[in-house]
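The following paragraphs are intended to be read alongside the sequence and the model. Please keep both in view while following the text.

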Amino acid sequence: MTEDIKWKKIQQEIPAIEGGKKATNDPVERPAHYNHSGIECITYLEDNLGAGFSYYLEGNVKKYLHRWRFKGGSAEKKVEDLRKAAWYLDRLISSEKTD
């Protein structure tokens, strides 16, 4: 079996692996450096942290809210940190929904 065929088989067997999706260069929604090797970092963390995943998300919300005012450079960079805080908060809300 060639490597390409093996990889496609793994992608079919393990849904967390996002085969064929190309990461955009959005530093908040899908940063390319978090999508290396076919699995998104956040998916990997959710799978591995289990119940502790909500604490990870909460910690990131707090981190980005704490640092945005002190971010050097442009207002765009400050807003980027606020968008990141919102992204993690949205993910936390989604993970806590029971409907």
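Serine 54 touches Leu92 and Glu96, when residues up to four places away in sequence are not counted; contact here means heavy atoms within 4.5 Å. Serine 54 lies in helix H3, which covers residues 53-67. Helices (H or I, at least four residues) and strands (E, at least two) are DSSP runs, numbered from the N terminus. With a relative accessibility of 18%, serine 54 counts as buried, because buried means under 20% relative accessible area, exposed over 50%, and partly exposed in between (1.4 Å probe, protein chains only).

The model is predicted: local features need pLDDT of at least 70, side-chain atom pairs count only at pLDDT 80 or more, and totals for chains, interfaces and linings use all residues. Residues are numbered from 1 along each chain as its sequence is written, and side-chain values use heavy atoms, with hydrogens and water left out.

The protein contains four helices and zero strands, giving the pattern α-α-α-α along the sequence. Of its 99 residues, 25% are buried. Among contacts between residues at least 6 apart in sequence, 44% join residues at least 24 apart.

Which residues of H3 are buried? They are Phe53, Ser54, Leu57, Asn60, Val61 and Tyr64. These residues cover an arc of only 125 degrees around the axis, and therefore lie on the same side of H3; the arc is that of the directions from the helix axis to the C-beta atoms. An α-helix has 3.6 residues a turn, so residues three or four places apart point the same way. On the other side of H3, Tyr55, Lys62 and His66 are exposed.

The buried residues of H3 pack against H2 and H4. One of these buried residues, valine 61, is in contact with Ala85, Tyr88 and Leu89, leaving aside its neighbours within four places in sequence. The largest nonpolar core has 11 residues in all: Val28, Ile42, Leu45, Phe53, Leu57, Val61, Tyr64, Ala85, Trp87, Tyr88 and Leu92. Helix H2 (41-49), H3 and helix H4 (75-96) each supply at least two residues of this core. A nonpolar core is a set of buried Ala, Val, Leu, Ile, Met, Phe, Trp, Tyr and Cys residues joined through side-chain atoms within 4.5 Å.

Aromatic rings form a further theme. Rings of Phe, Tyr and Trp (its six-membered ring) pair if their centres lie within 6.5 Å; planes under 30 degrees apart count as stacked, over 60 as edge-to-face and the rest as tilted. By this rule there are four aromatic pairs. The rings of phenylalanine 53 and tyrosine 56 have centres 6.1 Å apart and planes at 20 degrees, so this pair is stacked. Phenylalanine 53 is buried at 3% relative accessibility, whereas tyrosine 56 is partly exposed at 27%. Tyrosine 64 and tyrosine 88 also form a stacked pair, with 6.0 Å centre to centre and 15 degrees between the planes. This pair links distant parts of the chain, as tyrosine 64 in helix H3 and tyrosine 88 in helix H4 are 24 residues apart. Tyrosine 64 is buried at 8%, and tyrosine 88 is buried at 11%. Phe53, Tyr56, Tyr64, Trp87 and Tyr88 form one aromatic cluster.
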